[in-house]
Amino acid sequence: MTTGIDLGHPQAQSVRSDEDVVRVRQLVRSVAVAVKLSLVDQTKVVTAASELARNTLVYGGGGTVEVATVDNGVRKGMRIVFVDSGPGIADLDLALTDGYTTGGGLGLGLSGSRRLVDEFEIETSPETGTRITVTKWAR
């Protein structure tokens with residue numbers, strides 16, 4: 001796999017099909033390697049990104065994913081933003097409950113994805129859809 005990633009600029013990927021979910025996984029893996037995440041952390045962030053990209057497609061009707069590198073002055077990492085214009089998440093507390101799933105994905109749900117990353121933020125409403133931002137830091 002090529003890692004010809006421009007680390008100076010965020011990389012965007014449309015999510016409109018299953019093939020796009022695969023492209024998100026590949027992009028996230030490339031950036032994770034470039035920022036020197038451990039193999040375990042690469043696997044965690046790719047797994048979370050796969051679940052969240054699939055949610056963007058299935059529940060949000062498609063959207064975009066933006067992957068960027070981040071640096072807090074102490075360590076480097078990556079930030080991934082998933083955005084859709086779907087109906088939003090009706091019951092966010094329930095959706096973030098361990099074991100809650102509506103089926104179709106990897107079975108991780110939002111709570112599983114949240115455990116796989118270092119930072120997890122979610123904004124959702126019927127008017128604007130859902131925006132999930134996750135960050136994974138190199139150790």
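With which residue does Arg54 form a salt bridge, and how far apart are the closest N and O atoms?

**Figure 1. Overview of the predicted model and its confidence.** This is a predicted model, in which local features need pLDDT of at least 70, side-chain atom pairs count only at pLDDT 80 or more, and totals for chains, interfaces and linings use all residues. Residues are numbered from 1 along each chain as its sequence is written, and side-chain values use heavy atoms, with hydrogens and water left out. The mean pLDDT (the predictor's confidence in each residue, from 0 to 100) of the protein is 90, and 90% of its residues reach 70 or more. Confidence is lowest in helix α3 (residues 92–95), with a mean of 87, and highest in strand β5 (residues 129–137), at 98. Where pLDDT is low, the predicted coordinates should not be read in detail.

Figure 2. The protein contains four helices and five strands; helices (H or I, at least four residues) and strands (E, at least two) are DSSP runs, numbered from the N terminus. Along the sequence they follow the pattern β-α-α-β-β-α-α-β-β. Of the 139 residues, 42% count as buried, where buried means under 20% relative accessible area, exposed over 50%, and partly exposed in between (1.4 Å probe, protein chains only). The accessible surface comes to about 7,300 Å², and carbon and sulfur atoms hold 51% of this area; the areas come from the Shrake-Rupley method with a 1.4 Å probe, and for residues only the protein chains shown count as cover. Among contacts (heavy atoms within 4.5 Å) with a separation of 6 or more, 62% join residues 24 or more positions apart.

Figure 3. Five strands form an open sheet in the order β1-β2-β3-β5-β4, with antiparallel pairing; two strands pair if DSSP finds at least two bridges between them. The edge strands, β1 (11–15) and β4 (119–125), each pair on one side only. Neighbouring strands of this sheet are turned by 15° against each other on average, direction ignored. Helix α2 (residues 39–58) packs on the sheet and touches β1, β2, β3 (76–84), β4 and β5. The direction of helix α2 makes about 10° with that of β3; axes are lines fitted to C-alpha atoms, for helices over the stretch in contact, and angles run from 0 to 180 degrees between N-to-C directions.

**Figure 4. Strand partners within the sheet.** β1 is joined to strand β2 (residues 63–71) by five bridges in the antiparallel sense, and Ala12 has Glu66 in β2 as its bridge partner. Nine bridges link β2 with β3, again antiparallel; here Val70 stands opposite Gly77 in β3. The hairpin of β2 and β3 has four residues between the strands, and Gly73 takes a positive phi near 90° in this hairpin. β3 and β5 pair antiparallel over eight bridges, with Arg131 in β5 as the bridge partner of Val83.

**Figure 5. Surroundings of Thr56.** Thr56 lies in helix α2 and is buried, with a relative accessible area of 4%. Leaving aside neighbours within four places in sequence, Thr56 is in contact with Val15, Gly61, Gly62, Gly63, Thr64, Phe82, Val83 and Asp84.

Figure 6. Arg54 forms a salt bridge with Asp18, the closest N and O atoms being 3.0 Å apart. Arg54 lies in helix α2 and Asp18 in helix α1 (residues 18–34), so this pair ties together parts that are 36 residues apart in sequence. Arg54 is partly exposed at 23% relative accessible area, and Asp18 is partly exposed at 45%. A salt bridge also joins Arg23 and Asp20 (3.0 Å, N to O); these residues are three apart in helix α1, about one helical turn. Arg23 is partly exposed at 39%, whereas Asp20 is buried at 11%.

Figure 7. Arg139 forms a salt bridge with Asp41, with 3.5 Å between the closest N and O atoms. Arg139 lies in the segment after β5 and Asp41 in helix α2, so the pair ties together parts that are 98 residues apart in sequence. Arg139 is exposed, at 65% relative accessible area, whereas Asp41 is buried, at 5%. Salt bridges that share partners join Asp41, Asp118, Lys136 and Arg139 into one network.

Key. A salt bridge is a side-chain nitrogen of Lys or Arg within 4 Å of a carboxyl oxygen of Asp or Glu.
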